[in-house]
Amino acid sequence: MGSSNNNVFIGLFICVSLAHITIFTSAKVYVVYMGGNDSDDPDEILMKNHQMLASVHSGSVEEAHASHLYTYKHGFRGFAAKLTDDQALQIAEMPGVVSVFENKIRRLHTTHSWDFIGLAGEETMEIPGFSTKDQVNVIIGFIDTGIWPESASFSDTDMPPVPAGWRGKCQSGEAFNITHCNRKLIGARYYLSGYEAEKQEKLENGEVEYNDDPKNKRSFQSPRDSNGHGTHTASTAAGRYVMDMNYKGLARGGARGGAPMARVAVYKTCWDSGCYDADILAAFDDAVRDGVHIVSLSLGPDAPQGDYFSDAISIGSFHAVSRGITVVSSVGNEGTKGAATNLAPWMITVAATSIDREFTANVVLGNGVELKGESLSVLQMRSSARIISASIANGGYFTPYQSSYCLESSLNYTKTRGKVLLCRHAERSSESKVTKSEIVKAAGGVGMILVDENVDVAIPFAIPAAIVGRKVGNRILSYINNTRRPTSQIFSSEAVLGSQPAPRVSSFSSKGPNGLTPEILKPDVAAPGLNILAAWSPAIGQMKYNILSGTSMACPHVTGIVALIKAVHPSWSPSAVKSAIMTTASIFDKSGKPMRVDPEGRRGNAFDYGSGFVDPTTVLDPGLVYDATAIDYKAFLCSIGYDEKSLRLITRDQTTCENQPFTTPSSLNYPSIVVPNLKTRFSVTRTLTFVGNPEQRTVYEAVVAQPRGVEVDISPRRLVFDRYGQTMNFTASFKPTAPSLGYVFGYLQWKNGKSRVTTPLVVRIDPSDLGSGM
């Protein structure tokens with residue numbers, strides 16, 4: 001991970017010697033990261049950056065200025081510039097440089113949910129026993145696609161003046177000016193340089209520009225949101241109470257964010273093709289200076305994630321957290337084991353779950369059998385129609401197998417016209433399900449039943465349609481194949497409460513283990529991310545509100561909870577806030593049974609949901625917290641191989657890796673314990689800080705649920721606290737007692753009469769020891 005020289009940090013991912021590298025003359029955007037900021041003079045930093053650039057441009061100051069995109073000078077040091085591969089390698093060798101990496105793209109991880117979590121009320125969102133009125137002093141920065149300022153979710157009615165410490169600004173641009181900010185939306189900026197440089201490079205190389213929404217023709221060069229994602233996430237976390245929020249009449253009712261009186265500042269870095277590292281780092285740099293208390297990012301890298309300090313989100317969040325700013329991120333939507341992203345231990349990383357509300361459409365077959373499928377389509381068939389398998393509607397050169405997936409141009413109009421088609425969707429496919437309904441409609445179809453393993457996400461189809469699982473799909477196919485003239489009728493979607501146990505981990509939510517540092521559990525916690533109703537940008541579909549699914553939607557639920565914690569405990573560190581959320585989470589659904597994972601319904605574990613499903617009613621009084629300081633994170637970096645030279649550049653102090661408090665990343669004072677390669681015996685020490693009632697002596701007893709085949713010993717098993725802020729250590733020792741394949745799971749719980757402080761235990765016995773008899 002770390003190394004003896006700066007080259008290891010170069011984010012070029014070049015695996016051959018320099019002698020064998022082909023140097024390309026065309027320039028592209030690179031980020032040059034130079035660690036912490038040890039200078040208060042921005043002009044001096046800018047001048048030094050230009051000097052470095054001039055040195056690789058044969059001394060030309062003009063070329064240096066022309067290549068420069070950003071200087072990062074507030075939260076950390078560095079710059080972004082257009083460089084050739086050779087120039088990037090030269091800069092990577094210069095003194096003071098930690099890493100140089102390409103301007104990589106990051107993807108977006110894309111009401112009643114707050115009632116389901118346990119926060120009732122309209123505007124106050126009060127938690128019994130605590131006042132959260134000081135949320136008006138909490139500022140949340142959203143790095144996303146911008147905002148639709150006219151939305152009722154961002155009204156400033158009855159809000160007090162902007163907090164005195166705010167240093168941000170409202171940046172004017174296309175269809176956006178200073179008047180669009182108010183006492184709720186107190187800051188708005190946008191960042192184009194990284195995105196435009198990549199766009200220009202693609203044009204020069206003759207590449208077709210990627211557009212994830214070909215119908216979205218409007219893209220505002222301003223903080224205004226032309227995508228909808230940023231408006232949705234901001235309103236989920238901090239939207240004001242809206243009387244009649246609904247999606248085309250579905251889920252009608254009052255809705256609000258988790259901290260509706262908190263302030264919002266937006267940093268638009270995401271455009272039609274994604275979010276670029278150079279822009280993300282510029283947003284972090286400004287957010288630190290502006291004075292935000294929380295940064296929320298519903299976006300991330302593709303799995304597998306690269307090294308921490310060749311990743312813009314990891315870098316930006318490291319320096320934000322070092323200044324007391326809590327950073328919340330989403331785990332990703334790849335849904336598979338080991339695909340978790342945003343892996344840095346200083347961030348809160350959130351998985352997605354369902355709530356107890358589903359959007360279902362009834363499907364009635366000609367034999368009278370009534371089935372249910374997931375759908376957001378408000379369209380319905382007026383009468384029954386013939387239903388066929390899409391495989392027999394193949395057209396042109398397409399085979400029946402290909403047409404069964406309802407691919408573009410695969411359907412014959414004559415065979416499809418006036419019929420309902422039974423289509424298939426490939427597992428983990430990125431194909432648009434909405435597009436499939438449009439293809440069926442264009443071919444003359446009047447309805448569609450889509451067979452997909454991932455039935456949890458409701459889709460706004462273009463025709464009457466519903467998603468069913470494989471079992472139901474086979475039942476429908478059997479009816480078609482064994483009936484002379486099979487028919488069906490699809491009805492419009494309805495919102496249904498309480499139809500299934502909830503929460504359930506969503507099928508798309510990426511899972512652990514942590515592919516970069518297995519000793520750190522990711523995700524940290526889970527929150528609602530399935531079929532979430534929130535504010536939207538009318539630039540898309542002329543809608544004020546929309547229902548979306550993704551870990552993007554789960555992240556702002558935790559962001560809202562962080563804002564409530566900061567309102568009550570403004571002095572708590574980001575690690576204490578994270579600990580309060582993790583140790584009070586639950587691994588059970590609302591019926592008291594272990595949480596399950598879609599689509600197969602298996603029993604979940606810590607790689608699915610981290611510590612569990614968030615509970616905002618208990619986070620304000622967790623009793624004990626696992627706190628971590630800058631010293632702990634420095635020791636963590638040493639433990640994963642960063643050398644002294646690199647560490648000093650990152651931290652800009654005289655830190656060394658000698659005499660650090662621990663040597664293994666498992667020993668970071670984290671609210672979970674992961675031992676990825678247990679041999680004979682292994683011990684870690686944790687420190688607990690008392691944050692309960694300071695007026696009485698409090699005793700906690702340890703209770704352990706042992707991972708299968710592992711003996712866990714806690715010493716001491718009894719902790720006594722006499723004062724607020726008091727710290728006490730305990731040691732957890734692990735010893736294998738029986739062979740086991742893969743990871744096994746348990747938990748440690750510190751209990752007193754009032755609270756339970758729960759810590760996941762995750763252990764993998766070293767495979768080399770499985771045959772040793774232990």
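Val 32 stands opposite Val 100 in strand E4 (strands, E, of at least two residues and helices, H or I, of at least four are DSSP runs, numbered from the N terminus). The model is predicted, with local features requiring pLDDT of at least 70 and side-chain atom pairs counting only at pLDDT 80 or more, whereas totals for chains, interfaces and linings use all residues. Residues are numbered from 1 along each chain as its sequence is written, and side-chain values use heavy atoms, without hydrogens and water.

Strand E1 (residues 28–33) and E4 are paired in the antiparallel sense over four bridges; pairing requires at least two bridges found by DSSP between two strands. Both belong to an open, antiparallel sheet of four strands in the order E2-E3-E1-E4. From one strand to the next, the twist averages 20 degrees. Helix H3 (residues 85–92) packs on the sheet and touches E1, E3 (78–83) and E4, contact being heavy atoms within 4.5 Å. The direction of H3 makes about 150 degrees with that of E3 (axes are lines fitted to C-alpha atoms, for helices over the stretch in contact; angles run from 0 to 180 degrees between N-to-C directions).

The largest nonpolar core has 135 residues, of which Tyr 308, Phe 309, Trp 346, Val 558 and Ile 581 touch the most other members. Such a core is a set of buried Ala, Val, Leu, Ile, Met, Phe, Trp, Tyr and Cys residues joined through side-chain atoms within 4.5 Å, buried meaning under 20% relative accessible area (1.4 Å probe, protein chains only). Helix H13 (residues 551–568) supplies the largest share of this core, nine residues. A second, separate core of 26 residues includes Leu 719, Phe 730, Val 744 and Trp 750.

Note on methods. Buried means under 20% relative accessible area, exposed over 50%, partly exposed in between (1.4 Å probe, protein chains only).
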